Amino acid sequence: MAKDTAPRWDRRMQQRLARGEAAALGELYDRFAALVHSQAHRMLDDEDAADLVTREVFAQVWENPEAYDPKQGSMRSWVARLTHRRSVQRLRHAAASRYEAEHGEGAVPDPEELERRVRGATAAARADYIVASMPVPLREALELAYIHRRDYRQTAADLGVTEDEARRRLRLGLQLLSTASARPLEGSAPPGYGRAR
């Protein structure tokens, strides 16, 4: 199987959707609804808007299953791209509406500021997606280091691994997060990480 070819499940799902199988849409929803909703919520910071984007994404998939190209990657990636596009549209629309309400009808927000917001929301959503997709051992190490503020020695003890293994997991997790084009979390590395002792 070629590297870019989607898994068999993805190709079968597309075929089932193209035949109009409602059960296929239900299965797809069960598999990806949490991903879509969390990505939309992360970008929009609005529960109702995230609910709306989730409905719109699955409606788009149902109405246009042929738009998915298995040669371009997985169904999961395609659904995530659709979610991103819809969320960006909503983010821009909401920003324009807020700006108009504050500055009068017809007022247009600064396009550079709007693009900064879109880039920031995109990077944050991508970081969430990366964390949710990474192997559990890497995610656990990052959560201990960043959320619970444990240094690499404490992380190693909590995970029951060597200090070298804890450092390796943290390094790999951070490398994955660096692809989000934003820092994994505000601030610097977790306490004690990378310090010579």
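Q: Among contacts in the protein chain between residues at least 6 apart in sequence, what share joins residues at least 24 apart?
A: That share is 63%, where contact means heavy atoms within 4.5 Å. This is a predicted model, in which local features need pLDDT of at least 70, side-chain atom pairs count only at pLDDT 80 or more, and totals for chains, interfaces and linings use all residues. Residues are numbered from 1 along each chain as its sequence is written, and side-chain values use heavy atoms, leaving out hydrogens and water.

Q: How many helices and strands does the protein chain have?
A: The protein chain has eight helices and zero strands, counted as DSSP runs numbered from the N terminus (helices: H or I, at least four residues; strands: E, at least two).

Q: And how much of the chain is buried?
A: Of its 197 residues, 36% count as buried (under 20% relative accessible area, with exposed over 50% and partly exposed in between, using a 1.4 Å probe and protein chains only).

Q: Where does R16 lie, and is it buried or exposed?
A: R16 lies in helix α1, which covers residues 8-18, and it counts as buried because its relative accessible area is 19%.

Q: So which residues does R16 touch beyond its neighbours within four places in sequence?
A: Setting those neighbours aside, R16 is in contact with E21, A23, A24 and E27.

Q: Switching topic, what about D45: buried or exposed?
A: D45 sits in the loop between α2 (22-44) and α3 (47-63), and it counts as exposed because its relative accessible area is 65%.

Q: Where is N64, and how far is it from L17?
A: N64 lies in the loop between α3 and α4 (75-103), and its relative accessibility of 31% makes it partly exposed. N64 and L17 are 47 residues apart in sequence, while their C-alpha atoms are 8.7 Å apart in space.
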